[in-house]
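Biologist: Hi, I'm new to this one. Can you walk me through it?
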Number of protein chains: 2
Amino acid sequence: MKIVIFIIDGVGDRPNKYGLTPLKEANTPNMDKLAEEGITGLMSAIDIGIRPGSDTAHLSILGYNPYKYYSGRGPLEALGVDIELKDGDVAFRCNFATVDENFTVVDRRAGRISEEEDKILEKEIDGIEIDGVKIIFKSSKGYRGALVLRGENLGDKVTDGDPHIEGKKVPEIKALNKESKKTAEVLNKLLKIVYEKLNNHPINEERRKKNLPVANIILPRGGGIYREVPKFYEKYNMRGLCICETGLIKGLAKMIGLDVEEVKVGDYDTIVKKLIDGLKKYDFILVNVKLANEASHDGDYNKKVKVLEDIDKMLGEIIKNINKDDVYFVLTGDHSSPIEVKDHSADPVPIVIWGKSVRVDDVKEFNEFSCYKGGLHWIKGEHVMKILLDLTNRCDKFGA
Amino acid sequence: MKIVIFIIDGVGDRPNKYGLTPLKEANTPNMDKLAEEGITGLMSAIDIGIRPGSDTAHLSILGYNPYKYYSGRGPLEALGVDIELKDGDVAFRCNFATVDENFTVVDRRAGRISEEEDKILEKEIDGIEIDGVKIIFKSSKGYRGALVLRGENLGDKVTDGDPHIEGKKVPEIKALNKESKKTAEVLNKLLKIVYEKLNNHPINEERRKKNLPVANIILPRGGGIYREVPKFYEKYNMRGLCICETGLIKGLAKMIGLDVEEVKVGDYDTIVKKLIDGLKKYDFILVNVKLANEASHDGDYNKKVKVLEDIDKMLGEIIKNINKDDVYFVLTGDHSSPIEVKDHSADPVPIVIWGKSVRVDDVKEFNEFSCYKGGLHWIKGEHVMKILLDLTNRCDKFGA
């Protein structure tokens, strides 16, 4: 028996003045078929009233306690751009940015510099050594990058080297504990070196000629220390694949040792194909699709309805091609993202487990107003894998 | 107010291809009457997604955290054959078996040697002393026995002295931690002594003449250290009785200080009688009936339906004879045992609390598809006694 967990990022919502949510309003016959034939409920990825990130929510749903295993955004970003991390590496997300000669930030995104230009500038930073600490740097999407410090005695508790608004100086990075003193020192030295290397770099001279903001600094933020965690196949004895559209989920999947198929955002035909193909090779597949959450961040109700209907069509293609006797299929979200909040919330999400031998309940629709009546009641993320291991007879018995 | 907890071992199931479970299919008017007049729900004895043994499940339902108090199968087996254990005793389950002169196991059950023969051989083993450790041995049902080591510095973390299949040698018992070194040494010496004492014992000479496998060794397994636990009457200030059909539940009841009435398997008239009589003397009665679980282990759907209908008739006799104003009656299971699994699963079981003053809900049938809609929602085993203590006004107030 195989397992698919299909996560619609930010799926849940709060009702608008007509009492409707995008999920309630959207025409989703395939989600409803899953609900009718499966066992449903509500799910809080971390706990009731805890507002999760996508990363911490996914960890929890996959059976990794995020309070124990979450290492901050930096290492996930680095793993997401295929940097091979080692235990103890300290990693940061970065923006390429523009500073004046006083280190005041003029453009936090360096005029949204292109990836092609980034790739050239990246080489100036990657490989620098400061006080025995090796710098690994890789640019990622748009003006972004991932920065890794590798060496002895590095902590991750430092302030951001990013003022987060323009018109302010790049702040001096400060250690927040003793163990992170060296990290702060190395970073402050690094930013000076980066400025010297990049400010008059040919790429930037070219941009100056075109009156474009130069990329003469990087702004590190979201630092975290990477720690090896038990790999998914060791923990569950299942070969696992993650199909996703974002670096964050990719990084998380790599952190726990899932193979990864990254797909262009919204390319649902490819997701269907990779899922069906993947089921031939893998015991477990995690899918994450991000556009419903994006619509919520934009506060765009109608767009979220449309995205959910698109996802529903994709689900129709998927369930047409999988056999309930071979696969347990879980449809849920990582967290709610209410349109009115334009961000994640702690509201639980609907969940359905569909497959042979589940105790089918009376719920016939997949939304916030139906699934709370289901047979799963209100579970937590940590229960999801346990229930699935039991359904697929992979669960050890405690006692006689 | 008195309390009865009636446990149908392995009661829950997963739906078959017609969407039915034995409990849903069986004609159980008395269980349904309890559901209709009581408050219902689902119950996971240990936690959601945890697959319990009967022993750990019963501990949890009785308010004993199994992660703290469960000592493995050995001590329960020993208590079940009425060995009086002392704190620190290390106990094992054993089979009488047949080995050749190289200690290769020829028959793991010694030709299913009779209890009468066991009783004679038992005396050869019981009372041996090795390196200051006293050996207590008592035969139990069929070819089985319980072995206890009593002495200083004995740990219970040792490998089994049982190859678990025939044609293999009796393995050397190894300590899995420092504290268990002496236990392993004593056991290895014991097995040699047992072989010398039993191989040419008159009972076995007689069996050789009849071409029957001899009982010339014991194979210890499932070791556990016995620790005194708070007794039921100290914990709850109630005199408690356990009516059961198996040594395992008997052992568990003795471990927590319940009086025990052991009943022949399936002798439901006697159970009714002992229960009604018991209510005159005791404040609390636990009943465990095992045949539904046996049917599940055999994968026999129709047998499970029939067993549940038999149990329903017994329940009719019981509730006819007890007064809702005097007794809270709880009907539930310790765990599910789906026919398709032929073993325990983590699926929750239905539960009903019947008695004066419960908040009767809309549920009118006792099965997996009705009780999830009940007023108790989805509780854990640890909640059962707490709710009952409160209903019977035995619960301390926390605060003012």
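Modeller: Domain bounds here come from an automatic or database domain assignment. For chain A, that assignment gives domain 1 (2–70 + 229–391) and domain 2 (76–225). This is a predicted model, where local features need pLDDT of at least 70, side-chain atom pairs count only at pLDDT 80 or more, and totals for chains, interfaces and linings use all residues. Residues are numbered from 1 along each chain as its sequence is written, while chains are lettered from A and ligands numbered from 1 in the order in which they are written.

Biologist: How far apart are the C-alpha centres of domain 1 and domain 2 of chain A?
Modeller: They lie 34 Å apart. The contact takes eight residues from domain 1 of chain A and seven from domain 2 of chain A, where contact means that C-beta atoms, placed from the backbone, lie within 7 Å.

Biologist: Which helix gives the largest share of the domain 1 side?
Modeller: Helix 10 (residues 247–255) of chain A, with seven residues. Helices (H or I, at least four residues) and strands (E, at least two) are DSSP runs, numbered from the N terminus.

Biologist: Which strand of chain B does strand 15 of chain A join?
Modeller: Strand 3 (residues 51–52) of chain B, through two bridges, and the strands run parallel. Strands pair if DSSP finds at least two bridges between them. A:Lys397 stands opposite B:Arg51.

Biologist: Last one: at what angle do helix 2 and helix 13 of chain B cross?
Modeller: Roughly 55°, with the axes of helix 2 (residues 29–37) and helix 13 (residues 301–321) of chain B coming within 7 Å. The contact includes B:Leu34 of helix 2 of chain B and B:Leu315 of helix 13 of chain B. Axes are lines fitted to C-alpha atoms, for helices over the stretch in contact, and angles run from 0 to 180 degrees between N-to-C directions.

Technical notes:
Contact = placed C-beta atoms within 7 Å.
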